Amino acid sequence: MPPHPEHAVEPTTTDPRRGPRRRGEALEHAILTATVEELSEVGYPALTVDRVAARARTSKAAIYRRWPGLPQLVVDACARHRMTDFAVPDTGTYRDDVLAVLREMATRIAGPFGSAIRTVVSEIARNPEFAALARAQLDVAEQIMTTLLERGIERGEIDPGVRGTRRVTVATDLIIKHLLLAPSEDIDAVIVDIVDDIHLPLVLKNTGAADERGA
């Protein structure tokens, strides 16, 4: 005999979309955060819109209204949690500016979203669409370093001939490669070595500027 409705057992599962209704920026932030958290846990190959929707407590339709597919969603999510809100330092010297940038990058990649970043990088070689989106929207290192270089040129520290060359991003390229492929505990020592032994000799206007290096 079925139980009386008054004594029926409540279902153990709930609709993940239940909760306060969010719109605009609040909903977008929840979706992007959920995407990065899912990436960190399961990686890109296992990522689905269903998983993101459940974690963000929203519907798949709400996601598809904003992003046409997973590659675009992942790129925006990683951009939100990586470098899009990066405050370009202005310490007064080029060397200290670059050190500050590399230390901030190291903090972010080593932080809670580092595994998401690594799984995104691993997909670039396998997914041409994803690679194009990632390169277009995630790589802001060149913009940041160009800003620092222009300041250094104005101060007379940096050789103007560096503009438009690969020397601009040597430091950021190396630290990203190190953090993603061979992370170490003494990361600050690695950062200082990259800046002092590799990057500065390639961009300084003259060797006299090297005397400004500090500890």
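I'll start with D50, which is partly exposed, at 47% relative accessibility. This is a predicted model, so keep that in mind throughout. The topic today is charged side chains.

D50 pairs with K60 in a salt bridge, and their closest N and O atoms are 3.4 Å apart. D50 sits in helix 2 and K60 in helix 3, residues 60-64, so this pair links distant parts of the chain, 10 residues apart. K60 is partly exposed too, with a relative accessible area of 38%. The reason both fall in that class is the cut-offs: partly exposed is what lies between buried, under 20%, and exposed, over 50%.

Why would such residues pair at all? Side chains of opposite charge can do so when their charged atoms come close.

Next, helix 2 again, this time with R55. R55 makes a salt bridge with E37, with 3.3 Å between the closest N and O atoms. Which parts does that pair tie together? R55 lies in helix 2, residues 49-56, and E37 in helix 1, residues 24-42, so the bridge ties together parts that are 18 residues apart in sequence. On accessibility, R55 comes out at 31%, which counts as partly exposed. E37 has a relative accessible area of 32% and is also partly exposed.

Now to helix 10. D188 forms a salt bridge with R103, and here the closest N and O atoms are 2.6 Å apart. D188 is in helix 10 and R103 in helix 5, residues 94-110; the two are 85 residues apart, and the pair links distant parts of the chain. Buried, exposed or in between? D188 is partly exposed, with a relative accessible area of 34%. R103, at 33% relative accessibility, is likewise partly exposed.

How many salt bridges are there by this rule? The count comes to 13.

Which residues form the negative surface patch? They are E185, D186, D193 and D197. As for location, D186 is in the loop between helix 9, residues 170-181, and helix 10, residues 187-203. Helix 10 is also where D188 sits, the partner of R103.

Notes:
Residues numbered from 1 in each chain as written. Predicted model: local features only at pLDDT ≥ 70, side-chain atom pairs only at ≥ 80, totals over all residues. Heavy atoms only, no water. Patch = residues over 30% accessible without salt bridge, like charges linked within 9 Å, V, L, I, M, F, W, Y side chains within 5 Å. Areas by Shrake-Rupley, 256 points an atom, 1.4 Å probe, with all protein chains shown as cover. Salt bridge = Lys/Arg side-chain N within 4 Å of Asp/Glu carboxyl O. Lys, Arg positive; Asp, Glu negative; His and termini not counted. Charge placed at Lys NZ, Arg CZ, Asp CG, Glu CD. Helix = DSSP H or I, 4+ residues; strand = E, 2+ residues; numbered from the N terminus. Buried < 20%, exposed > 50% of the residue type's maximum accessible area, 1.4 Å probe, protein only.
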